[in-house]
Amino acid sequence: MTMKTNIKKIDNYESEITVEYEAAELEKAKTRACKQLSEHANIPGFRKGKVPPAQILEQHFGKGAILDEAADILIQKAANDIIKDLKIIPVTQMRHKIITCEDGKNFVFTLTFTDYPEVKLGEYKGLKVEKVVEPVTDAAVDEYIENIRGHHANMIDAPDAKVANGDFITLDFVGTVDGEKFKGGEAKDHPLEIGSHSFIGDFEEQLIGLKVGDEKDVKVTFPEDYHAKDLADKPAVFHCKINSIKHKELPELNDEFAKKVSKFETLAEFKADIKKNMEANAERRAVEKQQQAVIDKAVENMTVDVPPVMIEERISQMIQELSLQLQSQGMKLEQYMSFSGLDMDGLREQYKEPAKQNVLTDILLDEVARAEKITVGNQELNYELAVMAQMYRTTPKQIYKILQENRQLAGVANNVLRRKVMQFIIDNMAKDEIEKTAEKAEEKTETKDAE
């Protein structure tokens with residue numbers, strides 16, 4: 001046997017494989033190494049790509065460089081063969097350590113990695129989770145309409161009025177802590193909607209009743225979790241001056257208003273349509289929550305000891321996604337952390353629990369796929385590529401090429417598979433008696449129609 005392996009567990013998560021190649025295999029690898037090195041080198045007296053004698057190559061590259069290249073060839077081959085033959089699924093890159101690498105001696109090294117955890121699936125079919133639909137009240141409909149009225153309101157200057165809740169004002173302010181000004185605590189003609197709670201504490205409420213030209217010292221305390229740590233939990237005084245006041249003049253709520261903002265002739269019809277849409281949204285949210293609860297329940301029923309490295313890698317992935325999202329909005333991750341009062345350790349801690357839940361869900365879906373022999377066909381993958389092509393305004397062929405070049409095609413296929421498995425679990429959840437009765441009635445109707 002040209003390669004011998006011996007695997008042992010280091011701890012609950014990591015394994016180590018000792019690999020031994022016969023000396024003859026190392027010699028063969030050195031021949032391949034010479035060929036690979038010569039393909040990218042200009043050696044005097046030999047055209048590029050032509051393999052010079054080993055003695056010449058040793059003089060040019062050094063004996064150690066050839067041996068290192070040969071070792072890399074065998075280490076890579078061993079890693080690939082071990083994953084394939086031993087059915088190992090590493091969740092980290094294999095780390096190698098060379099024990100013996102000398103001419104005439106067997107090549108010995110170790111591969112260390114974190115293996116995919118052992119998983120024991122619990123119940124994932126026939127799970128029962130109640131669907132809870134939040135009722136849509138008349139008050140909720142009225143609040144929705146009031147928001148629409150607000151968007152269509154006119155702003156009227158009110159120079160002689162007093163500041164009231166809902167007003168839009170401009171003001172000058174200078175903030176001090178312990179009698180000293182602080183960064184960001186001063187502004188001129190700053191716009192503010194009273195009641196928006198844009199400012200800390202009861203800052204806005206203390207301005208109610210003032211007129212244009214009035215001045216007042218507003219006293220507030222910064223929150224304990226304020227993003228600027230030097231101001232957190234400290235009392236402050238803002239000297240304010242009111243420069244302008246505008247009242248919001250709402251349109252009258254009648255049939256004319258309904259005609260202006262909708263396709264309906266009467267306010268009653270408009271309200272009825274709003275309620276219908278709100279009820280449909282409530283039903284959709286209830287179904288989504290129910291479906292997520294079923295997946296969460298299946299995760300709870302599963303037994304698995306997740307390697308911490310899987311969670312840490314998922315946290316890094318989530319932070320990278322956050323960074324890209326912020327960049328698309330013109331903000332850097334560092335600015336976001338500063339604004340949120342977080343450092344990188346704090347941000348990672350914030351993502352720890354959702355990252356763990358994401359990893360557990362992925363493990364569940366992968367295991368159910370194996371148990372139920374669920375796979376993704378070419379047609380399903382091609383459909384996904386077509387959707388992606390439409391999103392990025394290119395062709396499926398181009399998307400396929402990009403994904404293949406970046407080694408992301410398998411990831412896309414895996415996402416399709418996980419969605420498919422998630423739907424399988426949802427389709428196999430327990431149905432309550434109302435749903436069963438409705439289905440039976442529908443089946444009877446279809447049977448009669450067929451007759």
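Helix α4 passes helix α6 in a right-handed crossing. The model is a predicted one. In it, α4 covers residues 138-151 and α6 covers residues 267-301. Their axes come within 10 Å and cross at roughly 110°. An angle of 65 to 115 degrees counts as roughly perpendicular, so α4 is roughly perpendicular to α6. On the α4 side, the contact is made by Asp 138, Ala 140, Val 141, Asp 142, Tyr 144, Ile 145 and Ile 148. On the α6 side, Phe 270, Lys 271, Ile 274, Lys 275 and Met 278 take part. By class, this contact has eight nonpolar and four charged residues.

Helix α10 spans residues 378-391, and helix α11 spans residues 396-405. The two axes come within 8 Å. They cross at roughly 100°. This angle also falls in the range of 65 to 115 degrees, and α10 and α11 are therefore roughly perpendicular to each other. Leu 385, Ala 386, Met 388 and Ala 389 are the residues that α10 brings to the contact. They meet Pro 396, Ile 399, Tyr 400 and Leu 403 in α11. The residues of this contact divide into eight nonpolar, no polar and no charged.

The chain has 451 residues, and buried residues make up 33% of them. The chain exposes about 28900 Å². Carbon and sulfur atoms supply 49% of that area. Contacts were also sorted by separation in sequence. Among those between residues at least 6 apart, 67% join residues at least 24 apart.

Individual residues illustrate such separations. Ile 10 lies in the loop between β1 (3-9) and β2 (14-21). Its relative accessible area is 43%. Not counting residues up to four places away in sequence, Ile 10 touches Ser 15, Glu 16 and Thr 112. Thr 112 is 102 residues from Ile 10 along the chain. The C-alpha atoms of Ile 10 and Thr 112 are separated by 8.9 Å.

Lys 28 lies in helix α1, which covers residues 23-39. With a relative accessible area of 53%, Lys 28 is exposed; the cut-off for that class is over 50%. Lys 28 and Ala 70 are 42 residues apart in sequence. In space they are 8.4 Å apart, C-alpha to C-alpha.

Glu 265 is found in the loop between α5 (255-261) and α6. Leaving aside neighbours within four places in sequence, Glu 265 is in contact with Asp 255 and Lys 259. Glu 265 and Asp 255 are 10 residues apart along the chain. Their C-alpha atoms are separated by 6.5 Å.

Backbone geometry was considered at two loop residues. Asp 178 is found in the loop between β7 (168-177) and β8 (180-193). Asp 178 has a positive phi of about 55°, although it is not a glycine. At 68% relative accessibility, Asp 178 counts as exposed. Lys 373 is placed in the loop between α9 (344-372) and α10. Phi of Lys 373 is near 55°, again a positive value in a residue other than glycine. Lys 373 has 71% relative accessibility and counts as exposed.

Methods:
Residues are numbered from 1 along each chain as its sequence is written. This is a predicted model: local features need pLDDT of at least 70, side-chain atom pairs count only at pLDDT 80 or more; totals for chains, interfaces and linings use all residues. Side-chain values use heavy atoms; hydrogens and water are left out. Buried means under 20% relative accessible area, exposed over 50%, partly exposed in between (1.4 Å probe, protein chains only). Contact means heavy atoms within 4.5 Å. Accessible areas come from the Shrake-Rupley method with a 1.4 Å probe; for residues, only the protein chains shown count as cover. Axes are lines fitted to C-alpha atoms, for helices over the stretch in contact, and angles run from 0 to 180 degrees between N-to-C directions. Helices (H or I, at least four residues) and strands (E, at least two) are DSSP runs, numbered from the N terminus. Angles under 35 degrees count as roughly parallel, over 145 as roughly antiparallel, 65 to 115 as roughly perpendicular and the rest as oblique. A crossing is left-handed if the near helix is turned anticlockwise from the far one by less than a right angle, and right-handed if clockwise. Ala, Val, Leu, Ile, Met, Phe, Trp, Tyr, Cys and Pro count as nonpolar, Asp, Glu, Lys and Arg as charged, and the others, Gly among them, as polar.
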